[in-house]
Amino acid sequence: MSGKLYICGTPIGNLEDITYRTLRVLNEVDLIAAEDTRHSIKLLNHFEISKPLTSYHEHNKDNKGDYLINKLLSGENIALISDAGMPGISDPGEEIIKQAIENDIEVEVLPGPTASITALIGSGLETGKFAFEGFLDRDKKRRREQLEELKHERRTIIFYESPHRLKDTLKDMLKILGNRNIAANRELTKKYQEVIRTDIQGCLDIFTEREVKGEFVLIVDGFKGEVEKVDKYDALDEREYVIKLIEEGITKKDAIKVVCKERKLKKDIVYKQVLDL
């Protein structure tokens, strides 16, 4: 009988945020897989948890994933933890969870701290519907393309960002999304936690004047305007427009009438262009 994979949320800052249930499971499993063992050993030592620890991260997930699956299939119970928050959100935990499910291994998720939801709730922006985007691409061109795709997203949008890319990201947001409301969350639940509720320009001004420190969760207001409608026939000339309408089931005579009306043209002008049809 195979073992069970436990997905355990760990504190995103304040160690008091860990649950009793997570502490119990970490004490009971056969092995703990951690994103960074050097970071996680401090957490385990703090709570006097002494269990075998192995690394599982972006750079070893392929080989280590197979290793962990074999352990689970042999009957061992494994707890997966990240450096902070819930594994599987913007980290390779997503891959081992898929592997476990594909191998009919039971996966149990223990609720715990999540930076994205913590920041969203405290943002003061709409929480009924939201889109989680995580980290934007490091490449400037690709990052701007991603923001263009989100330009008309009406739901509140959640981003993660590192301190050294924050200002560039805010500049791109201002240019592409416009000056929307934003809540910039820095060092959530830690000693120097800060939530800046302003607009994108105001946020950029603040961090242009001072050093940027800490990891950020950015909560950005969704699109509130009207989407400009683009007529699918605008790029067609009169002849192409008539042909398109005929292909859609309209008679040639009626198609000419539609084109004349839409383009405000005389019937004989359009008719001459489609004589051979």
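Glu58 is partly exposed, at 44% relative accessibility. Here buried means under 20% relative accessible area, exposed means over 50%, and partly exposed lies in between, with a 1.4 Å probe and protein chains only. Its side chain meets that of Lys61 in a salt bridge, 2.9 Å from N to O. A salt bridge, in this report, is a side-chain nitrogen of Lys or Arg within 4 Å of a carboxyl oxygen of Asp or Glu. Lys61 itself counts as buried, with a relative accessible area of 18%.

Before going on, a word on what you're looking at. This is a predicted model, where local features need pLDDT of at least 70 and side-chain atom pairs count only at pLDDT 80 or more, while totals for chains, interfaces and linings use all residues. Residues are numbered from 1 along each chain as its sequence is written, and side-chain values use heavy atoms, leaving out hydrogens and water.

Back to the charged pairs. The whole structure holds 21 salt bridges, and here are three of them.

| Pair | Closest N to O | Relative accessible area |
|---|---|---|
| Arg38 and Asp36 | 3.3 Å | Arg38 66%, Asp36 21% |
| Asp172 and Arg144 | 2.9 Å | Asp172 3%, Arg144 32% |

Asp172 and Arg144 form a salt bridge. The pair ties together distant parts of the chain, with Asp172 in helix α7 and Arg144 in helix α6 (residues 140-149), 28 residues apart. Asp172 is buried, whereas Arg144 is partly exposed. In the Arg38 pair, Arg38 counts as exposed and Asp36 as partly exposed. There's also a network of salt bridges, which links Lys4, Arg21, Glu106 and Glu108.

Now for the inside. In soluble globular proteins, nonpolar side chains tend to be buried together. A nonpolar core is a set of buried Ala, Val, Leu, Ile, Met, Phe, Trp, Tyr and Cys residues joined through side-chain atoms within 4.5 Å. The largest one has 21 residues, and Phe159, Leu170, Met173 and Leu218 touch the most other members. Two or more residues each come from β7 (156-161), α7 (166-177), β8 (181-186), α8 (200-209) and β10 (216-220). The biggest share comes from α7, with five residues.

Take Phe159 as an example: neighbours within four places in sequence aside, its contacts include Leu136, Leu147, Met173 and Leu218. Contact means heavy atoms within 4.5 Å. A second, separate core has 15 residues, among them Leu68, Ile78, Leu80 and Ile96.

Ile117, Ile121 and Phe130 make a nonpolar surface patch of about 270 Å². Patches take residues with over 30% relative accessible area and no salt bridge, joining like charges within 9 Å and nonpolar side chains (Val, Leu, Ile, Met, Phe, Trp, Tyr) within 5 Å. Ile117 sits in helix α5 (residues 115-121) and is partly exposed, at 34%.

Finally, the overall picture. The chain has eleven helices and ten strands, which are DSSP runs (helices H or I, at least four residues; strands E, at least two) numbered from the N terminus. Of its 277 residues, 42% count as buried. The C-alpha atoms fill a box of roughly 90 × 55 × 30 Å along the principal axes. Among contacts with a separation of 6 or more, 70% join residues 24 or more positions apart.

How values were computed. Accessible areas come from the Shrake-Rupley method with a 1.4 Å probe; for residues, only the protein chains shown count as cover.
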